[in-house]
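Please open the structure in your viewer, with selection by residue number ready to hand. The tour below moves from one selection to the next and says what is to be found at each stop.

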Amino acid sequence: MAGSAEILTALRELSNLKQITREELHGLLQDGILAALAKKHGANVQAEIEIDEVKGAIRIVLLKTVVNEVTDESREVTLEEARFMDPEFQAGDVMEIPVDFMEFGRTAVQAAKQRIIQRVREGERTRIRDEFAGRVGDLLSGEVQQIERGKLVVMLNKFREAEAIIPYREQNHREHYHQGEPVRAVLKRVEDTPKGPRLILSRADALFVQALFKLEVPEIQQGIVEIKAAAREVGSRTKIAVTSRDDAVDPVGACVGLKGARVQAVVNELGGERIDIVPWSPDPERFAKLALAPARVARVFSDAVSRTIQAVVDEDQLSLAIGRNGQNVRLASELTGWKIDLYSSREWLEKGGEGPLFAPLPEDEAEADIPLTEIDGLETATVAVLSEAGYNTLNDILDLNRDDLLRLPGIAPEEADRIMSIIDELTTEDDEGGVSA
């Protein structure tokens with residue numbers, strides 16, 4: 001049977017493996033020894049336990065009260081028995097009985113072991129709950145440990161004892177993983193189970209996209225830029241609405257990054273999923289117009305009671321506003337939290353709509369310079385090239401001609417023609433919106 005030195009060595013290894021402090025280790029060992037003593041001497045046993053890690057020794061002393069008549073043998077001893085050991089004992093004294101650690105029988109040692117294991121598990125559950133309860137929305141990394149009936153069991157890199165899974169419904173079904181492969185996912189919730197807390201991870205939720213942008217965009221980490229809303233159809237398309245607490249920081253441009261590097265890193269992690277980044281607005285009508293990008297919206301009307309938006313678009317913009325299988329308007333509705341009904345200009349007029357389709361902009365908004373990142377039709381890579389050359393707003397490129405554009409590295413003739421077409425269109429009709437990647 002193992003001696004106290006071997007027990008202490010084993011427990012120190014357990015402490016390192018389970019990240020238990022020295023004080024917690026001593027408490028677990030003392031509880032285990034008390035459980036073993038209770039198994040052998042009775043449930044109400046009292047004892048003093050001293051642990052000397054330097055000497056590798058455990059000192060155990062039973063404490064029994066000297067009485068004339070014993071009612072509880074686990075904590076009392078008769079005066080006659082006590083005086084057999086020392087004639088000076090009197091009723092009410094406490095008798096100390098040394099116990100050799102090696103005297104523990106197999107059953108008692110097993111009881112101590114079970115108590116220690118139980119306490120270790122309870123401690124692990126508490127630490128996992130404390131560690132992750134406030135981290136919903138955080139990006140976690142690990143490796144696929146097992147694949148069970150469609151769900152991925154993940155071993156986290158920094159908290160390996162935590163049970164973490166990616167359920168089938170929280171996966172991107174365009175992705176396929178194998179055992180041992182690295183994986184990143186967002187913490188969606190913490191579930192309590194009979195076996196302890198379970199971490200539910202997701203790669204399908206819009207939270208995953210937000211977590212990736214937080215990783216790639218320092219302005220989000222610093223709290224300057226905030227993602228106010230997100231809507232996603234996993235594997236196909238995501239829309240996010242961003243705002244900035246600093247007027248000098250363009251939230252859309254911050255998320256796109258230099259030459260589109262930041263948004264492209266997110267797109268790569270999502271397997272090529274399309275991402276629309278639009279400015280957020282507290283005005284539901286303006287927000288709806290922005291959310292329907294890349295389509296240009298002529299007019300919007302809102303009904304606060306039913307939380308419904310009626311959006312009017314030109315005939316050539318209707319299919320773009322609706323999107324494939326209604327995806328664009330569906331995501332825009334989810335992003336804004338309002339039901340959006342789309343009408344073409346012809347449908348609106350037939351319905352009895354009045355007034356100009358394109359309402360005039362307020363004077364201060366009409367005169368405002370538009371960042372290139374907010375111009376519909378300009379690809380992310382094109383915006384990055386223009387920005388590198390010092391062109392950041394619409395006014396910066398208004399006086400450029402086709403030859404000027406062709407001199408910029410990365411601008412092909414077809415792209416130059418498309419930029420000139422966009423400039424011509426914007427000089428006669430203002431628009432505002434976001435960026436797609």
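**A loop residue to begin with**

Select Gln-317, which lies in the loop between β14 (308-313) and α10 (318-322); helices (H or I, at least four residues) and strands (E, at least two) are DSSP runs, numbered from the N terminus. The model is a predicted one, in which local features need pLDDT of at least 70 and side-chain atom pairs count only at pLDDT 80 or more, while totals for chains, interfaces and linings use all residues. Residues are numbered from 1 along each chain as its sequence is written, and side-chain values use heavy atoms, with hydrogens and water left out.

Gln-317 counts as buried because its relative accessibility is 8%, where buried means under 20% relative accessible area, exposed over 50% and partly exposed in between (1.4 Å probe, protein chains only). If its neighbours within four places in sequence are left aside, Gln-317 is in contact with Pro-294, Ala-295 and Arg-296, contact being heavy atoms within 4.5 Å.

**Aromatic rings and a charge**

The structure holds four aromatic pairs, a pair being rings of Phe, Tyr and Trp (its six-membered ring) whose centres lie within 6.5 Å, with planes under 30 degrees apart counted as stacked, over 60 as edge-to-face and the rest as tilted. Select Phe-301 and Trp-348, whose ring centres are 5.0 Å apart and whose planes are at 15°, so the pair is stacked. Because Phe-301 lies in strand β13 (residues 297-303) and Trp-348 in helix α12 (residues 345-351), the pair ties together parts that are 47 residues apart in sequence. Phe-301 is partly exposed, at a relative accessible area of 25%, whereas Trp-348 is buried, at 9%.

Next select Lys-228 and Trp-280: the charged end of Lys-228 sits over the ring of Trp-280, 4.6 Å from its centre, the criterion being NZ of Lys or CZ of Arg within 6 Å of the ring centre and within 35 degrees of the ring normal.

Finally, select strand β5 (residues 139-148), which pairs with strand β8 (residues 182-193) in the antiparallel sense over five bridges; two strands pair if DSSP finds at least two bridges between them. Leu-140 has Ala-185 in β8 as its bridge partner. Six bridges join β5 to strand β6 (residues 151-156), again antiparallel, and there Val-144 stands opposite Val-154 in β6.
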